[in-house]
Amino acid sequence: MKDCPAVPVLQRSAARIPHLRDLFDSDPARGHELRATGAGITLDYSKQRVDTGVLQALAQLAEQAGLSEERERLFAGEVVNRTENRAAWHTALRTPTALQTTEQQCVEEQLQRMTLLVDRIQSGVWRGFSGKRITDVVNLGVGGSDLGPLMVTHGLREYSEPAVRGLKVHFASTIDGSQLFDLLDHLNPETSLFIISSKSFTTIDTLSNADTVRSWLGSHCVDEALMLRCHFIGVSAAQQKMSDWGLPSDNQLHFWQWVGGRFSLWSAIGLPIALALGMSVFRRLLAGAHAMDEHFRTAPVLQNLPVMLALLGIWNVNFLDIRAHAILPYDGRLKYFPSYLEQLEMESNGKSVGQDGELLDYSTCPVLWGEIGANAQHAFYQLLHQGTQSVASDFIVAARRYEALDHYAHQEQLLAQHQLNIANCLAQSRVLAFGDAAVAPDDNPWRRYPGNQPSSTLLLEQLGPESLGALIAAYEHKVFTQAVIWNINPFDQWGVELGKQVALQLQPLLQDPDAAAVAGLDASTRELALSIQQQQSGSEGGAA
């Protein structure tokens, strides 16, 4: 990035860019002009601290970084994950059947296998070991194998097909077992089905939970082969490892090494989505994502919604020195969307080494966090409005909701609540931008609002399968665009792998009461391990 001719232009622009109040005063039409629309979503970025000169320079930055060429490689299925010598072809997972190339036909084959499994489970043909139909499905996964399906099933549950509403879908991801044990206390082993979702089928968190479930079920069904056939499905890119664990081939769904974990909800990893909502809803989700793919692939830079999300982020991080980004959906159905984006963005672009292996001397991904907007107003908005640091924000809101509930006795009240929710969203972005100018002047110093906090607003007509698919895909392409400009690989996660390796090394040491077993550790880890050993044995008065 630093060698692009647009960089010094942007640095000079950052030094002179005025307050948002002045930007609006000098250009009253910017609210109409500074927006991009794609796949049914409108991005209003008029409250970002940019002017025409900045936008032109950002467009040049994208061109100079080679975005067009790298985007073509992404959609062609060429190697863009260079550190692992792989494609990152998640866009192929949502390509319509009629448009699939020969290389992409394997995607439709797995979707058809998934459809058959979903139909058997939802219709009651699939039975537990005692012959009873399945009433509960638990997805055992972590990271991309959990966050995406969890987020979508929660966000779209009101769209579930009538035939599947008796089937309950649950999620368990934590390695400490707390989620899983809470579920097992209430589940019937005769009617529960477990999905083991792991790309490598070696993820210790997921397999630990799967082994616990296997033991639990084994205490109720002595025929292990029957138990495995009736109560487990595996979803992985490692077919042999699923078989080695004991899963019959008919209970396996596959995806490919060119599908990154945090980009995998569009694959068979989305099985919980299809089970909870219906296969037709899952197909609509794919269609919405494909619509955003086409927009990203063809729209000009300054009208390209994902590209603008990316460029505005780079402007804030690298030129305005804003290192924090809040995700603020004003919709309770998007409760898990901030958590999903935390992984998507920070695991993808939280890198300090470039594609050439050299350390970077500029910032990359900011810290992301967020919450449902109405809740966040009573939590951390104080810092946004009057804190000592700048924070960029994304507001997400749907224009329409509850209109279809004409049979519901309280529809009028629900519609009024939705209007109040929208008013809160617009009010918060307005006050963040304009500060004191948004309200009557007040000489009380504790009630002064400086404003000038940049934000974007993503407006959906309504939240549905297509619009949610498009929204997720927009952020995926934002991540890719930023990675191209920062010259990093967004598709590996070596930092995550290191932590897993060290954890496996430490596990046997914690089980060894001999202090010599931890002698080679650093002083902090050694003393913590010794204290844990002592407390677990009760020698320091802790619980035995």
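Trainee: How many aromatic pairs does the count come to?
Mentor: This is a predicted model: local features need pLDDT of at least 70, side-chain atom pairs count only at pLDDT 80 or more, and totals for chains, interfaces and linings use all residues. Residues are numbered from 1 along each chain as its sequence is written, and side-chain values use heavy atoms, without hydrogens and water. Rings of Phe, Tyr and Trp (its six-membered ring) pair if their centres lie within 6.5 Å; planes under 30 degrees apart are stacked, over 60 edge-to-face, the rest tilted. By this rule, the aromatic pairs number 15.

Trainee: What is the angle between the planes of Phe-75 and Phe-296?
Mentor: These two rings form an aromatic pair, 6.1 Å centre to centre. The pair is tilted, with its planes at 40°.

Trainee: How many residues apart in sequence are the parts this pair ties together?
Mentor: Helices (H or I, at least four residues) and strands (E, at least two) are DSSP runs, numbered from the N terminus. Phe-75 lies in helix 5 (residues 67-76) and Phe-296 in helix 13 (residues 279-298). So the parts tied together are separated in sequence by 221 residues.

Trainee: What relative accessibility makes Phe-296 count as buried?
Mentor: Buried means under 20% relative accessible area, exposed over 50%, partly exposed in between (1.4 Å probe, protein chains only). Phe-75 counts as buried at 16%. Phe-296 counts as buried at 0%.

Trainee: Which helix holds Trp-245, the partner of Phe-232?
Mentor: Phe-232 and Trp-245 form an edge-to-face pair, 5.1 Å centre to centre with 75° between the planes. They are 13 residues apart: Phe-232 sits in strand 8, Trp-245 in helix 11.

Trainee: What is the strand order in the open sheet of five strands?
Mentor: Two strands pair if DSSP finds at least two bridges between them. Pairing in this sheet is parallel, and the order is 6-5-7-8-9.

Trainee: Which strands stand at the edges?
Mentor: Each edge strand has a single partner, so one side is left without a neighbour in the sheet. The two are strand 6 (168-172) and strand 9 (252-254).

Trainee: By how much are neighbouring strands of this sheet turned against each other on average?
Mentor: Axes are lines fitted to C-alpha atoms, for helices over the stretch in contact, and angles run from 0 to 180 degrees between N-to-C directions. With direction ignored, the average turn is 20°.

Trainee: Which residue in strand 8 is the bridge partner of Ile-195?
Mentor: Strand 7 (residues 192-197) and strand 8 (residues 232-236) run parallel, joined by four bridges. In strand 8, Ile-195 has as its bridge partner Ile-233.
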